[in-house]
Amino acid sequence: MVRVHGGPDGPDERPRRRGQGELEAQVLAALRQAPGPVTAAWVLERLGGDLAYTTVMTILTRLQAKRAVTRERAGRSFEWRAASDEAGLAALRMRKVLDAEADREAVLARFVTALSADDERLLRDLLGLPEDGAEG
């Protein structure tokens with residue numbers, strides 16, 4: 001039996017809960033579109049919806065702890081900016097995963113062996129390695 005909460009007018013309309021990291025991604029996207037350092041109120045205005053100012057501040061503080069955003073004092077409050085673009089943030093997440101593992105060599109070896117041929121070629125190019133893997 002399925003129960004639907006609500007009164008005689010139908011089910012309760014609750015806002016959809018965001019997935020893990022979704023709100024952080026939205027805040028970062030807003031900061032990347034900003035003309036420069038911006039306040040939490042500016043971010044809140046861009047995100048709209050039913051968010052509380054304190055929620056935006058919490059997300060910004062978490063992102064700062066992850067080094068994804070920076071802040072600078074502006075009077076009695078702070079102005080925020082994205083510390084990196086999406087590629088830089090993805091690289092930071094990858095580095096954090098690697099740093100959390102005891103056997104870095106094994107993790108890197110598994111990562112490299114799972115790469116597609118195109119990604120392996122790209123990685124070799126970025127590292128300045130010859131195509132056959134031999135060192136010159």
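I take contact to mean heavy atoms within 4.5 Å. The model I have open is a predicted one.

**Overview**

I started with the fold and found 6 helices and 4 strands in the protein. Reading from the N terminus, I wrote down the order β-β-α-α-α-β-β-α-α-α. Next I looked up burial: 18% of the 136 residues count as buried.

**Helix 1 and helix 3**

Then I turned to a helix pair. I found that the axes of helix 1 (residues 22-33) and helix 3 (residues 53-65) come within 10 Å and cross at roughly 85°. I therefore logged helix 1 as roughly perpendicular to helix 3.

Which residues meet here? From helix 1 I listed Leu23, Glu24, Val27, Leu28 and Leu31, and across from them, in helix 3, Thr55, Ile59, Leu60, Arg62 and Leu63. Sorted by class, this contact of helix 1 with helix 3 has 7 nonpolar, 1 polar and 2 charged residues.

**A closer look at Glu24**

Setting aside neighbours within four places in sequence, I found Glu24 in contact with Ile59, Arg62, Leu63 and Lys66. Among these, Ile59, Arg62 and Leu63 were already on my list for helix 3.

Conventions: Residues are numbered from 1 along each chain as its sequence is written. This is a predicted model: local features need pLDDT of at least 70, side-chain atom pairs count only at pLDDT 80 or more; totals for chains, interfaces and linings use all residues. Side-chain values use heavy atoms; hydrogens and water are left out. Axes are lines fitted to C-alpha atoms, for helices over the stretch in contact, and angles run from 0 to 180 degrees between N-to-C directions. Helices (H or I, at least four residues) and strands (E, at least two) are DSSP runs, numbered from the N terminus. Angles under 35 degrees count as roughly parallel, over 145 as roughly antiparallel, 65 to 115 as roughly perpendicular and the rest as oblique. Ala, Val, Leu, Ile, Met, Phe, Trp, Tyr, Cys and Pro count as nonpolar, Asp, Glu, Lys and Arg as charged, and the others, Gly among them, as polar. Buried means under 20% relative accessible area, exposed over 50%, partly exposed in between (1.4 Å probe, protein chains only).
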